[in-house]
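Here's a quick briefing to read alongside the model. Have the sequence and the 3D view open as you go through the points.

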Amino acid sequence: MSYLLYAAILLVVVALFALITARGRVHPFLALVLAAFAFNQGVGWSLSFVVKSFSVGFGQTLAALGIIVVTGALMAEICDGSGATARLQQMARGWRTRSG
């Protein structure tokens, strides 16, 4: 298949994604997954390859998000233990009373 055909399939899938999301009131994540499967089927990849690729990519994304969440929780604990959160709270109270 030529790259022009891939580009045409991609444009059709993106247009369908926008239409499904805007007019069909489908959740954007679900519409994106459906669009990805539609593109892969349009390109001619096998369903097993598409499912395997999706699961690997989704798993890696969740693993990366897990690391970010754990790091954020660790930083919050460090800030709480050092008294930084109390200082931020005092500053926020000052902002609220000055703006009101």
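Phe49 comes out as partly exposed, at 43% relative accessibility. Keep in mind that this is a predicted model. Phe49 has an aromatic partner, Trp45, and a search of the whole structure turns up five aromatic pairs.

**Trp45 and Phe49**

- The two rings sit edge-to-face, with 5.5 Å from centre to centre and 85 degrees between the planes of Trp45 and Phe49.
- That angle is over 60 degrees, so the pair gets the edge-to-face label rather than stacked or tilted.
- Trp45 is partly exposed too, with a relative accessible area of 41%.

**Tyr3 and Tyr6**

- Here the ring centres of Tyr3 and Tyr6 are 6.2 Å apart and the planes are at 75 degrees, so this pair is edge-to-face as well.
- Tyr3 and Tyr6 are three residues apart in helix H1 (residues 3–22), so about one helical turn separates them.
- Tyr3 counts as exposed because its relative accessibility is 73%, and the cut-off for that is over 50%.
- Tyr6, with a relative accessible area of 26%, is partly exposed.

**The phenylalanine cluster**

- Phe29, Phe37, Phe54 and Phe58 make up one aromatic cluster.

**Asn40 in helix H2**

- Asn40 belongs to helix H2, which covers residues 28–43.
- Asn40 counts as buried because its relative accessibility is 12%, and the cut-off is under 20%.
- What lies 3.0 Å from a polar atom of the Asn40 side chain? The backbone oxygen of Ala36 does.
- Leaving aside residues up to four places away in sequence, Asn40 touches Trp45 and Val50.

**Arg25 in the loop**

- Arg25 is found in the loop between H1 and H2.
- Its phi is near 55 degrees, and that is a positive value in a residue other than glycine.
- For background, most residues other than glycine have a negative phi.
- Is Arg25 buried or exposed? Arg25 is exposed, with a relative accessible area of 77%.

Notes: Residues are numbered from 1 along each chain as its sequence is written. This is a predicted model: local features need pLDDT of at least 70, side-chain atom pairs count only at pLDDT 80 or more; totals for chains, interfaces and linings use all residues. Side-chain values use heavy atoms; hydrogens and water are left out. Rings of Phe, Tyr and Trp (its six-membered ring) pair if their centres lie within 6.5 Å; planes under 30 degrees apart count as stacked, over 60 as edge-to-face and the rest as tilted. Helices (H or I, at least four residues) and strands (E, at least two) are DSSP runs, numbered from the N terminus. Buried means under 20% relative accessible area, exposed over 50%, partly exposed in between (1.4 Å probe, protein chains only). A polar contact is a pair of N or O atoms within 3.5 Å; within protein, one must be able to donate a hydrogen and the other to accept it, and residues adjacent in sequence count only if both atoms are side-chain atoms. Contact means heavy atoms within 4.5 Å.
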